[in-house]
Amino acid sequence: TRINPFDLYVLGYCIANSSTLWSVDLSNCDLTDECMRMLFMVEDGKAFHHITSLDLAGNTITTLTASLFGMMLKKYNTLKKLRFVGCGLQPEGLEEVIKGVQVNTKLETLDLLLNT
């Protein structure tokens, strides 16, 4: 199911202000770079401040989006599981994610299966 950028912004706001939501599965939602940027625009990335599991499998993760996730991993130390399965992640994008992983002490699982 494709989610448009505005809907994702609203969803990000709901995630950021939820006290009970810890796991977010947005796999195979055909998210665009614009959608991903909308998530990071919510209260300066606060949509991820308490999330422990994020699944983005099957979405295209460009180098731009990967750098946003790298920054998020540096800023918020709560994420334990991040799935980028089959996201077409290129080496440059992977480098950006790794920069965040090097700083993040809570991440237990980083699934990069089926990427270029």
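Reader: In which sense do β2 and β3 pair, and over how many bridges?

Author: Two strands count as paired if DSSP finds at least two bridges between them. Here β2 and β3 pair in the parallel sense, over 3 bridges. Leu54 stands opposite Leu82 in β3. This is a predicted model, in which local features need pLDDT of at least 70 and side-chain atom pairs count only at pLDDT 80 or more, while totals for chains, interfaces and linings use all residues. Residues are numbered from 1 along each chain as its sequence is written, and side-chain values use heavy atoms, with hydrogens and water left out.

Reader: What is the order of the strands in the sheet?

Author: Strands (E, at least two residues) are DSSP runs, as are helices (H or I, at least four residues), numbered from the N terminus. The open sheet has 4 strands in the order β1-β2-β3-β4, with parallel pairing. Its edge strands, β1 (23-25) and β4 (109-111), each pair on one side only.

Reader: Which residues of α3 are buried?

Author: Buried means under 20% relative accessible area, exposed over 50%, and partly exposed in between (1.4 Å probe, protein chains only). In α3, the buried residues are Thr65, Ala66, Ser67, Leu68, Phe69, Gly70, Met72 and Leu73. Their cover includes α2 (33-41), β2 (53-55), β3 (81-83) and α4 (91-103), with contact meaning heavy atoms within 4.5 Å.

Reader: At what angle do the axes of α3 and α4 cross?

Author: Axes are lines fitted to C-alpha atoms, for helices over the stretch in contact, and angles run from 0 to 180 degrees between N-to-C directions. The axes of α3 and α4 cross at roughly 5° and come within 7 Å. The two helices, α3 and α4, are therefore roughly parallel to each other; angles under 35 degrees count as roughly parallel, over 145 as roughly antiparallel, 65 to 115 as roughly perpendicular and the rest as oblique.
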